[in-house]
Amino acid sequence: MGDSSPQTADQLHRRGLMFILSSPSGAGKTTLSRMLLAKDAEIKLSVSATTRPPRPGEVDGVHYHFVSHERFQQMIDEDDFYEWAEVFGHRYGTPKGIIRAALKQGQDFLFDIDWQGTQQLYQKDQQDVVRVFILPPSIEELHRRLKGRATDSAEVIAARMERARAEISHWDGYDYVIINDDIDVCFDKVRAILEAERMKRARQTGLIPFVRGLMV
Ligand code: 5GP
(Lines give C-alpha, C1' and ligand atoms only; values in the text may rest on other atoms or scores of the structure.)
Protein backbone atom coordinates (compact mmCIF):
# COMPACT_ATOMS: atom_id res chain seq x y z
CA MET A 1 0.00 0.00 0.00
CA GLY A 2 1.42 3.42 -1.00
CA ASP A 3 1.84 6.45 1.24
CA SER A 4 -0.88 8.28 -0.65
CA SER A 5 -3.48 5.74 0.52
CA PRO A 6 -5.99 7.36 2.91
CA GLN A 7 -5.99 4.27 5.14
CA THR A 8 -3.34 1.71 5.89
CA ALA A 9 -4.20 -1.92 6.58
CA ASP A 10 -3.31 -1.36 10.25
CA GLN A 11 -5.96 1.34 10.58
CA LEU A 12 -8.81 -0.73 9.20
CA HIS A 13 -11.35 -1.64 11.81
CA ARG A 14 -11.22 -5.23 12.94
CA ARG A 15 -12.83 -7.35 15.57
CA GLY A 16 -10.65 -8.23 18.56
CA LEU A 17 -9.72 -11.78 19.40
CA MET A 18 -9.35 -13.87 22.52
CA PHE A 19 -5.82 -15.28 22.43
CA ILE A 20 -5.50 -18.23 24.78
CA LEU A 21 -2.11 -19.44 25.97
CA SER A 22 -2.25 -22.70 27.93
CA SER A 23 0.45 -25.01 29.21
CA PRO A 24 1.30 -27.07 32.26
CA SER A 25 2.87 -24.96 35.02
CA GLY A 26 6.55 -24.44 34.23
CA ALA A 27 6.31 -24.74 30.44
CA GLY A 28 6.78 -21.02 29.96
CA LYS A 29 3.38 -19.50 29.34
CA THR A 30 3.71 -16.89 32.09
CA THR A 31 7.02 -15.67 30.64
CA LEU A 32 5.55 -15.69 27.15
CA SER A 33 2.48 -13.78 28.34
CA ARG A 34 4.68 -11.11 29.92
CA MET A 35 6.78 -10.82 26.75
CA LEU A 36 3.67 -10.48 24.60
CA LEU A 37 2.12 -7.81 26.81
CA ALA A 38 5.39 -5.86 26.84
CA LYS A 39 5.94 -6.02 23.07
CA ASP A 40 2.41 -5.79 21.67
CA ALA A 41 0.38 -2.68 22.52
CA GLU A 42 -2.83 -4.05 20.97
CA ILE A 43 -3.35 -6.90 23.39
CA LYS A 44 -4.14 -6.74 27.07
CA LEU A 45 -4.51 -9.31 29.76
CA SER A 46 -7.92 -10.52 30.76
CA VAL A 47 -7.92 -10.20 34.54
CA SER A 48 -9.67 -13.14 36.21
CA ALA A 49 -11.51 -13.20 39.50
CA THR A 50 -10.31 -15.73 42.08
CA THR A 51 -11.02 -16.89 45.61
CA ARG A 52 -7.29 -17.71 46.06
CA PRO A 53 -5.52 -15.40 48.53
CA PRO A 54 -2.93 -13.09 46.96
CA ARG A 55 0.71 -14.24 46.86
CA PRO A 56 3.42 -11.78 47.90
CA GLY A 57 3.70 -9.07 45.27
CA GLU A 58 0.33 -9.74 43.65
CA VAL A 59 -1.90 -6.70 43.26
CA ASP A 60 -5.69 -6.75 43.35
CA GLY A 61 -7.14 -5.75 39.96
CA VAL A 62 -3.81 -6.28 38.19
CA HIS A 63 -2.96 -9.96 38.65
CA TYR A 64 -6.43 -11.04 39.74
CA HIS A 65 -9.56 -9.60 41.22
CA PHE A 66 -9.29 -11.25 44.65
CA VAL A 67 -12.82 -11.91 45.88
CA SER A 68 -14.45 -13.80 48.73
CA HIS A 69 -16.10 -17.16 48.20
CA GLU A 70 -19.49 -15.50 48.75
CA ARG A 71 -18.84 -12.80 46.16
CA PHE A 72 -17.66 -15.41 43.65
CA GLN A 73 -20.83 -17.44 44.19
CA GLN A 74 -22.91 -14.31 43.68
CA MET A 75 -21.15 -13.68 40.33
CA ILE A 76 -21.95 -17.25 39.26
CA ASP A 77 -25.59 -16.78 40.25
CA GLU A 78 -25.76 -13.54 38.27
CA ASP A 79 -24.24 -15.23 35.18
CA ASP A 80 -21.35 -12.81 35.35
CA PHE A 81 -18.69 -15.24 34.09
CA TYR A 82 -17.63 -16.27 30.63
CA GLU A 83 -16.26 -19.37 32.27
CA TRP A 84 -15.04 -20.47 35.65
CA ALA A 85 -13.23 -23.47 37.11
CA GLU A 86 -11.93 -24.84 40.36
CA VAL A 87 -8.14 -25.36 40.46
CA PHE A 88 -6.23 -26.55 43.54
CA GLY A 89 -9.33 -25.93 45.67
CA HIS A 90 -9.78 -22.31 44.58
CA ARG A 91 -12.17 -20.82 42.07
CA TYR A 92 -11.10 -18.81 39.03
CA GLY A 93 -13.34 -17.11 36.46
CA THR A 94 -13.47 -14.68 33.57
CA PRO A 95 -15.86 -11.74 33.96
CA LYS A 96 -17.66 -11.46 30.63
CA GLY A 97 -19.49 -8.16 30.03
CA ILE A 98 -16.42 -5.95 29.60
CA ILE A 99 -14.71 -8.40 27.27
CA ARG A 100 -17.58 -8.71 24.83
CA ALA A 101 -17.94 -4.96 24.47
CA ALA A 102 -14.20 -4.45 23.99
CA LEU A 103 -13.89 -7.19 21.33
CA LYS A 104 -16.35 -5.26 19.20
CA GLN A 105 -14.13 -2.20 19.49
CA GLY A 106 -11.12 -4.20 18.26
CA GLN A 107 -9.42 -4.90 21.58
CA ASP A 108 -7.48 -8.18 21.75
CA PHE A 109 -7.33 -10.11 25.01
CA LEU A 110 -4.74 -12.52 26.27
CA PHE A 111 -5.93 -15.43 28.40
CA ASP A 112 -3.61 -17.39 30.61
CA ILE A 113 -6.02 -20.22 31.43
CA ASP A 114 -6.13 -23.99 31.63
CA TRP A 115 -7.81 -26.48 29.32
CA GLN A 116 -11.14 -26.38 31.16
CA GLY A 117 -11.39 -22.62 30.77
CA THR A 118 -10.31 -22.89 27.15
CA GLN A 119 -13.08 -25.37 26.38
CA GLN A 120 -15.70 -23.19 27.99
CA LEU A 121 -14.56 -20.03 26.20
CA TYR A 122 -14.46 -21.87 22.90
CA GLN A 123 -17.95 -23.25 23.36
CA LYS A 124 -19.31 -19.75 23.99
CA ASP A 125 -17.43 -17.87 21.31
CA GLN A 126 -15.70 -19.95 18.64
CA GLN A 127 -15.18 -17.15 16.14
CA ASP A 128 -13.16 -14.94 18.52
CA VAL A 129 -11.04 -17.60 20.21
CA VAL A 130 -7.50 -18.60 19.16
CA ARG A 131 -6.09 -21.49 21.22
CA VAL A 132 -2.33 -21.96 21.63
CA PHE A 133 -0.79 -24.73 23.72
CA ILE A 134 2.81 -24.60 24.96
CA LEU A 135 4.61 -27.89 25.61
CA PRO A 136 7.85 -28.36 27.56
CA PRO A 137 10.70 -30.04 25.63
CA SER A 138 10.60 -33.03 28.04
CA ILE A 139 9.03 -34.10 31.33
CA GLU A 140 12.49 -34.03 33.00
CA GLU A 141 12.97 -30.42 31.94
CA LEU A 142 9.51 -29.55 33.25
CA HIS A 143 10.36 -31.11 36.61
CA ARG A 144 13.64 -29.19 36.72
CA ARG A 145 11.82 -25.92 36.00
CA LEU A 146 9.18 -26.58 38.67
CA LYS A 147 11.84 -27.38 41.27
CA GLY A 148 13.45 -24.04 40.49
CA ARG A 149 10.56 -22.11 41.98
CA ALA A 150 11.62 -21.29 45.52
CA THR A 151 8.09 -20.46 46.68
CA ASP A 152 6.69 -23.97 46.16
CA SER A 153 6.92 -26.86 48.64
CA ALA A 154 7.67 -30.51 47.66
CA GLU A 155 3.95 -31.34 47.91
CA VAL A 156 3.05 -28.46 45.65
CA ILE A 157 5.69 -29.53 43.10
CA ALA A 158 4.44 -33.13 43.15
CA ALA A 159 0.85 -31.94 42.72
CA ARG A 160 1.89 -29.68 39.85
CA MET A 161 3.74 -32.55 38.11
CA GLU A 162 0.64 -34.69 38.34
CA ARG A 163 -1.49 -31.87 37.09
CA ALA A 164 1.02 -31.18 34.29
CA ARG A 165 0.51 -34.67 32.90
CA ALA A 166 -3.25 -34.19 33.01
CA GLU A 167 -2.97 -30.79 31.35
CA ILE A 168 -0.71 -32.16 28.58
CA SER A 169 -3.30 -34.83 27.78
CA HIS A 170 -5.55 -32.03 26.46
CA TRP A 171 -3.07 -30.81 23.84
CA ASP A 172 -5.39 -31.85 21.02
CA GLY A 173 -8.05 -29.32 22.01
CA TYR A 174 -5.91 -26.47 20.67
CA ASP A 175 -5.48 -24.79 17.28
CA TYR A 176 -1.71 -24.40 17.61
CA VAL A 177 0.91 -26.32 19.61
CA ILE A 178 4.45 -25.01 20.23
CA ILE A 179 7.31 -26.88 21.96
CA ASN A 180 9.15 -24.40 24.16
CA ASP A 181 12.77 -25.40 23.68
CA ASP A 182 14.00 -21.83 23.48
CA ILE A 183 11.88 -19.01 24.88
CA ASP A 184 12.84 -16.44 22.19
CA VAL A 185 12.12 -18.79 19.31
CA CYS A 186 8.87 -19.81 20.99
CA PHE A 187 7.91 -16.16 21.43
CA ASP A 188 8.49 -15.40 17.74
CA LYS A 189 6.15 -18.27 16.90
CA VAL A 190 3.48 -16.98 19.28
CA ARG A 191 3.67 -13.52 17.65
CA ALA A 192 3.48 -15.00 14.16
CA ILE A 193 0.28 -16.81 15.10
CA LEU A 194 -1.24 -13.65 16.58
CA GLU A 195 -0.37 -11.55 13.53
CA ALA A 196 -1.78 -14.12 11.12
CA GLU A 197 -4.99 -14.48 13.12
CA ARG A 198 -5.49 -10.69 13.09
CA MET A 199 -5.42 -10.77 9.31
CA LYS A 200 -8.18 -13.34 8.96
CA ARG A 201 -10.78 -11.97 6.59
CA ALA A 202 -13.70 -12.48 8.97
CA ARG A 203 -11.98 -10.38 11.66
CA GLN A 204 -11.23 -7.47 9.35
CA THR A 205 -14.62 -5.82 9.57
CA GLY A 206 -13.29 -2.69 7.86
CA LEU A 207 -12.40 -4.56 4.68
CA ILE A 208 -15.72 -4.23 2.87
CA PRO A 209 -15.71 -0.41 2.66
CA PHE A 210 -11.96 -0.49 2.00
CA VAL A 211 -12.26 -2.87 -0.93
CA ARG A 212 -15.26 -0.95 -2.26
CA GLY A 213 -13.04 2.12 -2.30
CA LEU A 214 -10.46 0.20 -4.33
CA MET A 215 -13.00 -0.76 -6.94
CA VAL A 216 -14.47 2.64 -7.85
P1 5GP B 1 -2.43 -19.61 40.06
O2 5GP B 1 -3.16 -19.77 41.35
O3 5GP B 1 -1.10 -20.31 40.05
O4 5GP B 1 -2.32 -18.14 39.65
O5 5GP B 1 -3.31 -20.29 38.92
C6 5GP B 1 -3.68 -21.61 39.02
C7 5GP B 1 -4.33 -22.07 37.74
O8 5GP B 1 -5.58 -21.39 37.52
C9 5GP B 1 -3.48 -21.80 36.49
O10 5GP B 1 -3.40 -23.02 35.75
C11 5GP B 1 -4.26 -20.77 35.73
O12 5GP B 1 -4.06 -20.91 34.33
C13 5GP B 1 -5.69 -21.06 36.16
N14 5GP B 1 -6.56 -19.89 35.98
C15 5GP B 1 -6.30 -18.60 36.27
N16 5GP B 1 -7.35 -17.80 35.97
C17 5GP B 1 -8.30 -18.61 35.43
C18 5GP B 1 -9.63 -18.37 34.90
O19 5GP B 1 -10.15 -17.25 34.85
N20 5GP B 1 -10.29 -19.48 34.48
C21 5GP B 1 -9.75 -20.73 34.50
N22 5GP B 1 -10.47 -21.72 34.04
N23 5GP B 1 -8.51 -20.99 34.98
C24 5GP B 1 -7.80 -19.94 35.44
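Trainee: What share of the residues count as buried?
Mentor: Of the chain's 216 residues, 41% count as buried. Keep in mind that this is a predicted model.

Trainee: What about contacts between residues at least 6 apart in sequence: what share join residues at least 24 apart?
Mentor: That share is 69%.

Trainee: Switching to the ligand. Which residues come nearest?
Mentor: There are 16 residues around the ligand. Ser 48, Arg 52, Tyr 64, Glu 83 and Tyr 92 come nearest.

Trainee: How does that shell split by class?
Mentor: Seven charged residues, five nonpolar and four polar.

Trainee: Which strands each supply at least two residues of the shell?
Mentor: β5, residues 81-87, and β6, residues 90-95.

Trainee: Where do polar atoms of Tyr 92 sit relative to the ligand?
Mentor: A polar atom in the Tyr 92 side chain is 2.5 Å from a ligand oxygen. Lys 29 also has a side-chain N or O atom 3.2 Å from an oxygen of the ligand. With Gly 93, a backbone N or O atom lies 3.4 Å from a ligand oxygen.

Trainee: How much of the ligand does the protein bury?
Mentor: Taken alone, the ligand exposes 510 Å². The protein buries 91% of that.

Definitions and conventions: Residues numbered from 1 in each chain as written. Predicted model: local features only at pLDDT ≥ 70, side-chain atom pairs only at ≥ 80, totals over all residues. Heavy atoms only, no water. Near = heavy atom within 4 Å. Polar contact = N/O pair within 3.5 Å; in protein donor to acceptor, adjacent residues only side chain to side chain. Areas by Shrake-Rupley, 256 points an atom, 1.4 Å probe, with all protein chains shown as cover. Helix = DSSP H or I, 4+ residues; strand = E, 2+ residues; numbered from the N terminus. Nonpolar A, V, L, I, M, F, W, Y, C, P; charged D, E, K, R; others polar. Buried < 20%, exposed > 50% of the residue type's maximum accessible area, 1.4 Å probe, protein only. Contact = heavy atoms within 4.5 Å.
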